[in-house]
Amino acid sequence: MRDIAVFSGSAHPVLAAEICAHLHVPLHPVRVSRFANDCLEVQLQANCRERDVFLIQPLVPPVQEHLVELLLMIDAARGASAARITVVLPHYAYARSDKKDAPRISIGGRLVADLLTSAGAHRVLAMTLHSPQVHGFFSVPVDHLHALRELAAHFKGHDLGNAVVVSPDLGNAKEAAAFARMLGTPVAAGAKQRFSDDRVQISTIIGDVTDRDVIVLDDEIAKGSTVIELISHLRERRVRSIRLACTHGLFSSGALERLSGQEGVLEIVCTNTVPIPAEKRVPKLEVLSVAPALAEAMRRIHNGESVSALFA
């Protein structure tokens, strides 16, 4: 591909390299250095002048470090006279901060979107934002992909004759319903109330799950508190088996070990939007790649083709 320059921050260089392999373009190096006063400096080590520049950086821990690194990459590309700067955000961590649900609380999802735009981003390519309204926080065009096709392709290899897709809460029910249509299964949802970051309560499950093979679908799993609460209700309904699926496998605070140790859980499936170190992985974990989807979206953006056609 001509006139394209792809760079990666330090958050997930393995995914960036895989994307570039699908695009048949080099992944250009980035030099990140730190001054004595702890400030970062970024240098893009390839020509950007009048080129279509793509900057790949999921916002994963340490989130603030990777965010500032991304902002500096955008600024460097703008200062180098890039024709267009597209930020590729496989995971937008601040998407969870999308509403004012307490007095005097910040809305980080909107603020960080403003920061990316002010730094010089012309376009954003994101994967499975936490909620639809986050798309509207950006004042530049956003191409919003999802990983339902990759997840569905995996589960179609199972016997789905007795399966049901379950959303942990009603907010994710629309995506779960779309996933269920792909698999040809019914859908159910939990009625959830959140009290804090790691304390949730599910009062009931809406839909028939008794004696069924359950596929729990969520956008991301961090500490796993919601999923563990849901699993206890599913066991009360005497489900036959449980498989867990999500796009963003953050798996913080030992979540993978706790989830894989839950009775009835046969499999945990996620994508590689965020890096999962080898030492954190468990035998029940299956990681699917979204690099082909991101690469195809980037190719279409570069060529001025429809990205929404990917979901037709």
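This is a predicted model: local features need pLDDT of at least 70, side-chain atom pairs count only at pLDDT 80 or more; totals for chains, interfaces and linings use all residues.
For helix 2 and helix 3, the axes come within 8 Å and cross at roughly 25 degrees. Helix 2 is therefore roughly parallel to helix 3, the limit for that class being an angle under 35 degrees. On the side of helix 2 the contact is formed by Leu67, Leu70, Leu71, Ile74, Asp75 and Arg78, and on the side of helix 3 by Val112, Leu115, Leu116, Ser118 and Ala119. Classified by residue type, this contact of helix 2 with helix 3 comprises eight nonpolar, one polar and two charged residues.

A further pair is formed by helix 1 (residues 13-23) and helix 8 (residues 291-303), whose axes come within 8 Å and cross at roughly 55 degrees. This angle makes helix 1 oblique to helix 8, and the crossing of the two helices is right-handed. Helix 1 contributes Leu15, Glu18, Ile19, His22 and Leu23 to the contact, while helix 8 contributes Ala291, Pro292, Leu294, Ala295, Met298 and Arg299. The contact of helix 1 with helix 8 contains eight nonpolar residues, one polar residue and two charged residues.

Helix 4 (residues 148-155) packs against helix 5 (residues 173-183) at an angle of about 45 degrees, with the axes 10 Å apart. Helix 4 and helix 5 are therefore oblique to each other, and helix 4 passes helix 5 in a right-handed crossing. Eight of the residues in the contact of helix 4 with helix 5 are nonpolar and two are charged, with no polar residue. Within helix 5, the buried residues are Glu175, Ala176, Ala177, Phe179, Ala180 and Leu183. Just after helix 5, Gly184 adopts a positive phi of about 75 degrees.

In soluble globular proteins, nonpolar side chains tend to be buried together. In the present model, the largest nonpolar core consists of 35 residues, of which Ile74, Tyr92, Leu116 and Phe138 touch the most other members. Two or more residues of this core are supplied by each of strand 1 (4-8), strand 4 (40-44), strand 5 (52-56), helix 2, strand 6, helix 3 (108-119) and strand 7 (123-127). Helix 2 provides the largest share of the core, with seven residues. Ile74 and Leu116 also belong to the contact of helix 2 with helix 3. Tyr92 touches Leu59, Gly108, Gly109, Val112, Ala113, Leu129, Val134 and Phe138, when residues up to four places away in sequence are not counted. Another core lies apart from the largest one and has 27 residues, among them Ile202, Cys246, Ile276 and Leu285.

Thr86 is located in strand 6. With a relative accessible area of 0%, Thr86 is buried. Beyond residues up to four places away in sequence, Thr86 touches Val53, Phe54, Leu55, Arg123, Leu125 and Ile301.

Ala82 occupies the loop between helix 2 (63-79) and strand 6 (84-89). The relative accessibility of Ala82 is 14%, so this residue counts as buried, the cut-off being under 20% relative accessible area. With neighbours within four places in sequence left aside, Ala82 is in contact with Cys48, Glu50, Arg51, Val53 and Ala77. Ala82 and Leu288 are 206 residues apart along the chain, and their C-alpha atoms are separated by 33 Å.

Glu286 lies in strand 15 (residues 285-288). Because its relative accessibility is 35%, Glu286 counts as partly exposed. Contacts of Glu286, not counting residues up to four places away in sequence, are made with His154, Glu267, Ile268, Val269 and Cys270. Of these contacts, Cys270 is 16 residues from Glu286 in sequence and 6.5 Å from Glu286 in space, C-alpha to C-alpha.

Notes: Residues are numbered from 1 along each chain as its sequence is written. Side-chain values use heavy atoms; hydrogens and water are left out. Axes are lines fitted to C-alpha atoms, for helices over the stretch in contact, and angles run from 0 to 180 degrees between N-to-C directions. Helices (H or I, at least four residues) and strands (E, at least two) are DSSP runs, numbered from the N terminus. Angles under 35 degrees count as roughly parallel, over 145 as roughly antiparallel, 65 to 115 as roughly perpendicular and the rest as oblique. A crossing is left-handed if the near helix is turned anticlockwise from the far one by less than a right angle, and right-handed if clockwise. Contact means heavy atoms within 4.5 Å. Ala, Val, Leu, Ile, Met, Phe, Trp, Tyr, Cys and Pro count as nonpolar, Asp, Glu, Lys and Arg as charged, and the others, Gly among them, as polar. Buried means under 20% relative accessible area, exposed over 50%, partly exposed in between (1.4 Å probe, protein chains only). A nonpolar core is a set of buried Ala, Val, Leu, Ile, Met, Phe, Trp, Tyr and Cys residues joined through side-chain atoms within 4.5 Å.
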